[in-house]
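Welcome, and thank you for taking a look at this structure. Please keep the sequence and the 3D view open side by side while you read.

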Amino acid sequence: MIQIGQELRTWRGAVRHRLDPKRPPLLGWQVPLIGCGVQIGRHGPGWLLDQVKRRGFPLTLYVMGKEITFGGDPEYARFFYSAGTEEVSFFEGIKVFPGVGDLVEIGLTGPEGSTLTLEVLRRHLGARISSVGAELDQELSVALREGLASGRAPLLGVLRTAILRLTAHLLLGPDLARDRTFIADLCDFDEATLACLRAPWSRRPVARGLAARGRAVARMRAELEGRGPPTSDAPRDIGDAMRSAAAAAAEAGGPRLSDEIIARDLQGILFGTVANTPAAAAITLHRVLTDPALKRRLEEEQAAVSRERGPTIDAAALKAMPVLNATYLEGLRVYAPMIHIRMTLTPVEIGGYRVPARSLIGFSPYILHRDPAVYEDPEVFDPDRFLAGPRRPAAAPPNSHFVPYGRGIHTCLGRNLARQEIMMSIARLLRDYEVELSDPSPTVADWLTNGIAAPAGAPSLIARPRGASLG
Ligand code: HEM
């Protein structure tokens, strides 16, 4: 929540900084508190792209009471994503986002970059995903059947519930995934974080979010406590793996992490899921359902894969879906957020300008993903650019120009899970339902999200179960 007094002091600082030749050019200082929030709110990240085209990098934006400096050259990108935690902080950076700062607890199980939770995810998440592939597909089918029972449902809402059930299944098993109250609390929490973005001065969404978080954490703690003391048996899920790792760390003289703390950090992981994945799935599906030729190609691909590999959609089946994979990648390219953010912990130099310690710095995936030298007609949504073209790159996206999941120290630990959840959701929907949108108008992006853009206008999905699943 924004503290007016503090923000006015920051604004006065911004007014002073604009005259300092050692600092980057500053935009938005003319409007106290909001700065260029108006333009960004109205035009989305396209406004920043226009400014950069006119003025080049680096640029400092005064926006929503904060100064954020953007750089854009490869050297800056390298620094931004791989600087050590003694130079820049990801945790301190993301706390400035209304909603995240008020509602998401970060780093409860250790120092930045090496929390116990991250260690456990690094070690166990991949194996857990492949070990329950068919179960996840079953969970998804049930979630979609329930969500679409009336034949019509909010596009983002039905995907959010389904995707949260998949992640909950991986983290804490099928009982929690099927606990409708628990999943509803997670959705309520997500809504509260989005409401904080839309009303950064209001306390109401913060109170709503804290209440939803409290209920969800209490449910997870009860689940963990109900399991009895951690054992050395093979972990059933990520929750088990975290409890065993915490017990081993305590035995080795480390801090004792309670089930309460583990539950609160799992809430952070669930937020990591819901912040981006449903929006990415929804806006990609919206592009598919407003492009009949692409929809037909994807349906044909689904029919072929299910004929060759059977009805289950697991990681192996996803490998046989190049058109859906290219569509997923193009969704992440076009709708990646305007900013990844860090806080400097030491003075840094960006493009010959001095940026002091405790300053906010940003890198723009939105702008990088529109580099015309790499992406021909960058504003065109064209999955074939990641297949045989003709639009460039006519190949897989080059790492240097594709950062929807970040890069370096804080690369997203859920990227493989996210890919699986997004592609499975679209594949399962196209296979089992005749789907269309309540309003077939072209896709418009809502950029006021916690990451990837979502479809604007709260579109609904109209779905009739197919007589027989495709294939
Ligand atoms: C389309 C979906 C997703 C997108 C676009 C996404 C994007 C990102 C990005 C950009 C970062 C790093 C931020 C930075 O460098 O500034 C990140 C970090 C993270 N993500 Fe994701 N994410 C997605 C899904 C998930 C899922 C499903 C999980 C669940 C396991 C997850 C867990 C995490 C975690 C734990 C981190 C923190 C890593 C660290 O602190 O080192 N994300 N994500």
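Helices (H or I, at least four residues) and strands (E, at least two) are DSSP runs, numbered from the N terminus. This is a predicted model, in which local features need pLDDT of at least 70 and side-chain atom pairs count only at pLDDT 80 or more, while totals for chains, interfaces and linings use all residues. Residues are numbered from 1 along each chain as its sequence is written, and side-chain values use heavy atoms, with hydrogens and water left out.

A residue is near a molecule or strand if one of its heavy atoms lies within 4 Å of it. There are 21 residues around the ligand, and N276, H340, R342, H410 and C412 come nearest.

What is the make-up of the shell around the ligand, in nonpolar, polar and charged residues? The shell divides into 12 nonpolar, eight polar and one charged. Here Ala, Val, Leu, Ile, Met, Phe, Trp, Tyr, Cys and Pro count as nonpolar, Asp, Glu, Lys and Arg as charged, and the others, Gly among them, as polar.

An N or O atom in the side chain of R342 is 2.7 Å from a ligand oxygen, and a polar side-chain atom of H410 lies 2.9 Å from an oxygen atom of the ligand.

## An enclosed space

On a 1 Å grid over the protein atoms alone, a cavity is a set of points where a 1.4 Å probe fits but cannot get out, and its lining residues have an atom within 4 Å of a point. Grid points are joined across faces, edges and corners, and a volume is the space filled by probe spheres set on the points. The count comes to one cavity of 30 Å³ or more, with about 30 Å³ of space in the largest cavity.

Which residues line the largest cavity? They are F80, Y81, A83, G84, T85, V88, R342, I409 and H410. By class, this lining has five nonpolar, three polar and one charged residues.

## Helix α3 and its cover

Next comes burial: buried means under 20% relative accessible area, exposed over 50%, and partly exposed in between (1.4 Å probe, protein chains only). In helix α3 (residues 46–55), the buried residues are G46, W47, L48, L49, Q51 and V52. An α-helix has 3.6 residues a turn, so residues three or four places apart point the same way.

Contact means heavy atoms within 4.5 Å. The cover over the buried residues of α3 includes β1 (26–27), α2 (37–43), β2 (59–63), β3 (66–70) and α19 (365–368). Just after α3, G56 takes a positive phi of about 80°.

Is H169 buried or exposed? H169 is buried, with a relative accessible area of 1%, and its place is in helix α9 (residues 155–172). Leaving aside neighbours within four places in sequence, H169 is in contact with R128, E135, L136, E139, P174, A177 and R178.

T115, in the loop between α6 (100–103) and α7, is buried at 4% relative accessible area. Not counting residues up to four places away in sequence, T115 touches F91, G107, T109 and G110. H369 lies in the loop between α19 and α20 and is buried, with a relative accessible area of 0%. With residues up to four places away again left out, H369 touches L332, R333, A336, Y375, H401, F402, V403 and P404. From C-alpha to C-alpha, H369 and R198 are 26 Å apart in space, and they are 171 residues apart in sequence.

## Backbone details in the loops

The loop between α19 and α20 also holds P390 and P393. A cis peptide bond joins G389 and P390, with omega about 20°, and a cis peptide bond joins R392 and P393, with omega about 10°.

D377 lies in the loop between α19 and α20 too. Its phi is near 45°, a positive value in a residue other than glycine, and D377 is partly exposed, at 38% relative accessible area. M64, found in the loop between β2 and β3, has a positive phi of about 50° although it is not a glycine. At 27% relative accessibility, M64 is partly exposed.

Notes: A polar contact is a pair of N or O atoms within 3.5 Å; within protein, one must be able to donate a hydrogen and the other to accept it, and residues adjacent in sequence count only if both atoms are side-chain atoms. On a 1 Å grid over the protein atoms alone, a cavity is a set of points where a 1.4 Å probe fits but cannot get out, and a pocket is an open set with protein on both sides within 12 Å along at least five of seven lines; lining residues have an atom within 4 Å of a point.
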